[in-house]
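Biologist: Can you walk me through this one? Let's take it piece by piece.

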Amino acid sequence: MNLTELFTQPGLGVMSTSSSDGKVNSAIYARPHVIDETTLVWGMTDKRTYQNLTRNRHAAFLFKTNSPGFSGVRLALELIKTEESGELLETIKKNTDEIVGPGAGASVTHASWFKVVEVRPLI
């Protein structure tokens, strides 16, 4: 599956993480920035998803396109690094302001880079 092509489509994304003691969290997340077919980046705030990732580098991302049926993907991810400054983070903040509303990008404090470990269909 071509992730670059998939993430140009509108849809709904859910990021799931787990704390070091196994408490699971799921949150709505935007489509990622595709660096290449094995590297994706999301903007993150300092809330639960990011806090979980500081203790457990593994995550899952489910993306369902807006098309009829079950078009989309399930991804197993591993956090590579986070950046607290830089051009990509500024782009993410600007996009957040445009999509969510003015000032929303100010809460995005991290550009979190992930390696795609596994790609699976929705069903």
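Modeller: Start with Thr82. Its bridge partner in β7 is Ser112. Bear in mind that this is a predicted model.

Biologist: How many bridges do β6 and β7 pair over, and in which sense?

Modeller: There are 9 bridges between β6 and β7, and the sense is antiparallel.

Biologist: And β4 to β7, how many bridges there?

Modeller: β4 and β7 are joined by 6 bridges. They run antiparallel. Take Leu40 as an example: its bridge partner in β7 is Phe114.

Biologist: What about β5, how many bridges join it to β6?

Modeller: The count is 7. β5 covers residues 58-65 and β6 covers residues 72-83, and the two run antiparallel. Ala60 has Ala76 as its bridge partner in β6.

Biologist: Zoom out, then. What is the strand order in the sheet?

Modeller: The order is β2-β1-β5-β6-β7-β4-β3. That makes an open sheet of 7 strands, with antiparallel pairing.

Biologist: Which are the edge strands?

Modeller: β2 (24-29) and β3 (33-36). Each of them pairs on one side only.

Biologist: What does the twist average from one strand to the next?

Modeller: The average is 30°.

Biologist: New topic, helices. Which strands does α3 lie across?

Modeller: Helix α3, residues 87-99, lies across β3, β4 (39-44), β6 and β7 (110-120). Relative to β3, α3 runs at about 150°.

Biologist: Where does Gly86 lie?

Modeller: Gly86 is in the loop between β6 and α3.

Biologist: Why does Gly86 count as partly exposed?

Modeller: Because its relative accessibility is 35%.

Biologist: How many Å separate the C-alpha atoms of Gly86 and Ala111?

Modeller: 8.7 Å. Along the chain, Gly86 and Ala111 are 25 residues apart.

Biologist: Switch to Thr49. Which helix is it found in?

Modeller: Thr49 is in α2, which spans residues 48-55.

Biologist: Is Thr49 buried or exposed, and why?

Modeller: Thr49 counts as buried, because its relative accessibility is 5%. The cut-off for buried is under 20%.

Biologist: What does Thr49 touch, not counting residues up to four places away in sequence?

Modeller: Thr49 touches Met15, Thr17, Asn25, Ala27, Tyr29 and Met44.

Biologist: Any of those on an edge strand you named, or where does β2 sit again?

Modeller: The edge strand β2 covers 24-29. Asn25, Ala27 and Tyr29 are among the residues Thr49 touches, and their numbers fall in that range.

Key. Residues are numbered from 1 along each chain as its sequence is written. This is a predicted model: local features need pLDDT of at least 70, side-chain atom pairs count only at pLDDT 80 or more; totals for chains, interfaces and linings use all residues. Side-chain values use heavy atoms; hydrogens and water are left out. Helices (H or I, at least four residues) and strands (E, at least two) are DSSP runs, numbered from the N terminus. Buried means under 20% relative accessible area, exposed over 50%, partly exposed in between (1.4 Å probe, protein chains only). Contact means heavy atoms within 4.5 Å. Two strands pair if DSSP finds at least two bridges between them. Axes are lines fitted to C-alpha atoms, for helices over the stretch in contact, and angles run from 0 to 180 degrees between N-to-C directions.
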